[in-house]
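I set out to record the voids in this model and the surroundings of its ligand. The entries follow the order in which I looked things up.

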Amino acid sequence: MVDAMIRTLQDKAERLDRQDPLAGFRERFAVPDESLLYMDGNSLGRMPLASREHVQRVLDDQWADRLIRSWGEDWYQAPTRIGNKLAELIGARPGEVVISDSTSVNLYKLVMSALALRGDRLEIISDQLNFPTDLYVLQSAVQTLGKGHRITLLESPDQIGISLDDFRQALSEDTALVTFSTPTFKSGFLHPIREMTRMAHEAGALVLWDFSHAVGVVPLDLAEWEIDFAVGCTYKYLNGGPGSPAFLYVRGDLQDDALGHPWGWWGHTKPFDFDLEFTPDESIRRFLVGTPPVLSLTTIEPALDLVLEAGVGAIRAKSVAQGEYFLELFDSLLDPLGYSLGSPRNPDQRGSHISVRHPEGYRITQALIQEENLIPDFREPDNIRLGFAPLYTRFEDLFETARCLQKVVEEESYQGYGEERATVR
Ligand SMILES: *Cc1c(COP(=O)(O)O)cnc(C)c1O
């Protein structure tokens, strides 16, 4: 009986892989260990093979050969050139996106811009599901400004999502800014972005979305949704490489009045005049601060090309199919073993990762990594987070992942590990 059920689930994975129109993209990534089940592409995407060649070219042709002349020939324009390419992916207009700094730093710049544009309002709304760095940035901006801004965090009783009613009720004439990360990093909850943006605007507030876990895997249409500000990582589903700089978006019609902080020479309209006073550039470049990390910046481009070639629509379709298939595995194999679901069941409310919870979640994660050659990640207190990166994750990988989660609990191999947390996890 049990064997027949498992056989059926495995057959289904094989069939879905055979029918997958994106299956060929996996070959475009470095996969040195075929037996590794890598379920953490939502934290650090795999390396596109084209990135290796591209970096080699930048090193040899630009750095080694052209030396400082490369700034004028290519590097100076790279943050906006690559920003424009990323803009295509998120439905923004040319000139609305620039690549710079980290997501945390870009958030700070845009929080400071937004609060200045709504100077008479003192409330900021976010939620308890937000990524901590986003909340630290808000706290830091509030302290820097010293004007008595308040941060209201909407609660999530189920630790999965928030209610739209709570959001509506929190909005008031004092709301300056609403800012959320979506999908949320633990549960993968995808907020109703368009509706929340509209509601915030009706209340006279500005919105700042952190799309770190959305970009490259969830279709976004920033111009159509009239989003004011946005940021996001490029090293997750975009596969831009470890620490690749983030993107920053400011709606075109806000750019004249919006200014980030701190100001730096790269945001000056004529950096090489070396003026003693800051005059912001007229374009999105005003949000740049210092010299960009050229090597990390250039690895974003071949990675973006892959995502654009596949198309976010097709990526999303596969991501949803993978989520639905994984839930089937969850219900059949994992639910009976004490695992519970830490993510929404409704695919419209879910991004591209699913968290399964278990009281022994930390030790299970250790056993998976050490004994099963499976890399998920662990998020406190008990979430085993599994990311589906449709450009290289196969349905077969999901089947194998569920089997490993089953095995480690059935055989209690997690008993061999301690509860003590590693510094990086
Ligand atoms: C990954 C992530 C970050 C990381 O920010 P860095 O500044 O790149 O370290 C920030 N916010 C969210 C929502 C994330 O998922």
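Entry 1, terms. For residue classes I count Ala, Val, Leu, Ile, Met, Phe, Trp, Tyr, Cys and Pro as nonpolar, Asp, Glu, Lys and Arg as charged, and the others, Gly among them, as polar. I worked on a 1 Å grid over the protein atoms alone, where a cavity is a set of points at which a 1.4 Å probe fits but cannot get out. A pocket is an open set with protein on both sides within 12 Å along at least five of seven lines, and lining residues have an atom within 4 Å of a point. Grid points are joined across faces, edges and corners, and a volume is the space filled by probe spheres set on the points.

The model is predicted: local features need pLDDT of at least 70, side-chain atom pairs count only at pLDDT 80 or more, and totals for chains, interfaces and linings use all residues. Residues are numbered from 1 along each chain as its sequence is written, and side-chain values use heavy atoms, with hydrogens and water left out.

Entry 3, cavities. I found three cavities of 30 Å³ or more. The largest cavity has a volume of about 60 Å³, and its lining has eight nonpolar, two polar and no charged residues. Among the residues that line it are Gly216, Val307, Ile315 and Leu391. The second largest cavity has a volume of about 50 Å³; its lining has four nonpolar, one polar and three charged residues. Arg26, Arg46 and Asp397 are among the residues lining this second cavity.

I then looked up the largest pocket, with a volume of about 310 Å³. Of its 21 lining residues, Phe131, His213, Cys233, Tyr235 and Lys236 are the closest to its centre. By class, this lining has six nonpolar, ten polar and five charged residues.

Where does the ligand sit? I place the ligand in the largest pocket, the test being that more than half of its atoms lie within 2 Å of the pocket's grid points. Around the ligand are 13 residues (a heavy atom within 4 Å), of which Ser104, Asp210, His213, Tyr235 and Lys236 come nearest. For polar contacts I took pairs of N or O atoms within 3.5 Å. An N or O atom in the side chain of Ser104 is 2.6 Å from a ligand oxygen atom, and a polar side-chain atom of His213 lies 3.2 Å from a ligand oxygen atom.

Terms used:
A polar contact is a pair of N or O atoms within 3.5 Å; within protein, one must be able to donate a hydrogen and the other to accept it, and residues adjacent in sequence count only if both atoms are side-chain atoms.
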